[in-house]
Amino acid sequence: MIGEYARVTPAELDRALGDPEWALTLVDARREAEADECPPPALARCLDVDKAWDALGFLLRRAAFPVDIVHGEEPVPGADDWGYGPPRHLTPEQVQKAAAALAEISADDLTAGVGPADLAAAEVYPSIVWERGEPLDYVRDYYELLRPFLCAAAEQGDGVLMWLG
């Protein structure tokens, strides 16, 4: 399971909420276009955080993060399964709130006082990684990609679709 994100304009978000099949077509086209380009997160319209999504969620909940930037705040009504369930979304206002909070939490702050044993005990996916004692560098690296992606979305007034693929 991989955590995936797509930035969408407010108009695209409105259309996506009424026509999730259109949204999937839009997202698939963007992912395909960016696959060859590999734009930096601040310029990308799509991003994945690989298998770090659950650890990010665990750490952000621990930090009392004000917005669920891993699973989204609300479902996309009527959407089919995009991998491991239907997509969810953040409104432009929620993205703004998330970006402000992201500016206050560095990757080191996010992981401070937490080790692989804590993630293993909490059964954070993929638990085998944490049971082996792998360091949290992997999670920090993906957090450092997610921050500029969401901050750029906030600067542009975008909403975000997210799902597990």
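Predicted model: local features only at pLDDT ≥ 70, side-chain atom pairs only at ≥ 80, totals over all residues.

Visitor: In what order do the five strands form the open sheet?

Guide: The order is 2-1-5-4-3, with antiparallel pairing. Strand 1 joins strand 2 over three bridges, where Tyr5 stands opposite Leu47. Strand 4 joins strand 5 over three bridges as well, with His89 opposite Leu161. Strand 3 and strand 4 (residues 88-90) are linked by two bridges, and Glu74 faces His89.

Visitor: What makes strand 2 and strand 3 edge strands?

Guide: Strand 2 (46-48) and strand 3 (74-75) each pair on one side only.

Visitor: How many residues of strand 5 are buried?

Guide: Buried means under 20% relative accessible area, exposed means over 50%, and partly exposed lies in between (1.4 Å probe, protein chains only). Six of the six residues of strand 5 are buried. Gly159, Leu161 and Trp163 lie on one side, and Val160, Met162 and Leu164 on the other. Strand 1 also has six of its six residues buried: Gly3, Tyr5 and Arg7 point one way, and Glu4, Ala6 and Val8 the other.

Visitor: Which helices lie across these strands?

Guide: Helix 4 (residues 92-102) lies across strand 3, strand 4 and strand 5 (159-164), at about 70° to strand 4. Helix 8 (residues 137-156) lies across strand 1 (3-8), strand 2 and strand 5, at about 20° to strand 1. The buried residues of helix 4 are Pro92, Gln94, Val95, Ala98, Ala99, Ala101 and Leu102. Their cover includes helix 1, strand 3, strand 4, helix 8 and strand 5.

Visitor: Why is helix 4 called oblique to helix 8?

Guide: Axes are lines fitted to C-alpha atoms, for helices over the stretch in contact, and angles run from 0 to 180 degrees between N-to-C directions. Angles under 35 degrees count as roughly parallel, over 145 as roughly antiparallel, 65 to 115 as roughly perpendicular, and the rest as oblique. Helix 4 and helix 8 pack at about 135°, with their axes 8 Å apart. That angle is therefore classed as oblique.

Visitor: Which residues of helix 4 and helix 8 make the contact?

Guide: With contact meaning heavy atoms within 4.5 Å, helix 4 supplies Val95, Gln96, Ala99 and Leu102, and helix 8 supplies Tyr143, Arg147, Leu150, Cys151, Ala153, Ala154 and Glu155. They divide into eight nonpolar, one polar and two charged residues. Here Ala, Val, Leu, Ile, Met, Phe, Trp, Tyr, Cys and Pro count as nonpolar, Asp, Glu, Lys and Arg as charged, and the others, Gly among them, as polar.

Visitor: What makes helix 3 roughly perpendicular to helix 8?

Guide: Helix 3 (residues 53-62) packs against helix 8 at about 80°, with the axes 10 Å apart, and the pair is therefore called roughly perpendicular. Ala55, Leu56, Leu59 and Leu60 of helix 3 meet Val139, Tyr143 and Leu146 of helix 8. By class, these are seven nonpolar, no polar and no charged residues.

Visitor: Why are helix 1 and helix 2 called oblique to each other?

Guide: The axes of helix 1 (residues 10-18) and helix 2 (residues 20-37) come within 5 Å and cross at roughly 130°, which is why the two helices are oblique. The contact joins Glu12, Arg15, Ala16 and Gly18 of helix 1 to Pro20, Trp22, Ala23, Leu26 and Arg30 of helix 2.

Visitor: Why is Glu12 called buried?

Guide: Glu12 has a relative accessible area of 16% and is therefore buried. Not counting residues up to four places away in sequence, Glu12 touches Arg7, Trp22, Leu26, Arg30 and Arg45.

Methods:
Residues numbered from 1 in each chain as written. Heavy atoms only, no water. Helix = DSSP H or I, 4+ residues; strand = E, 2+ residues; numbered from the N terminus. Pairing = 2+ DSSP bridges.
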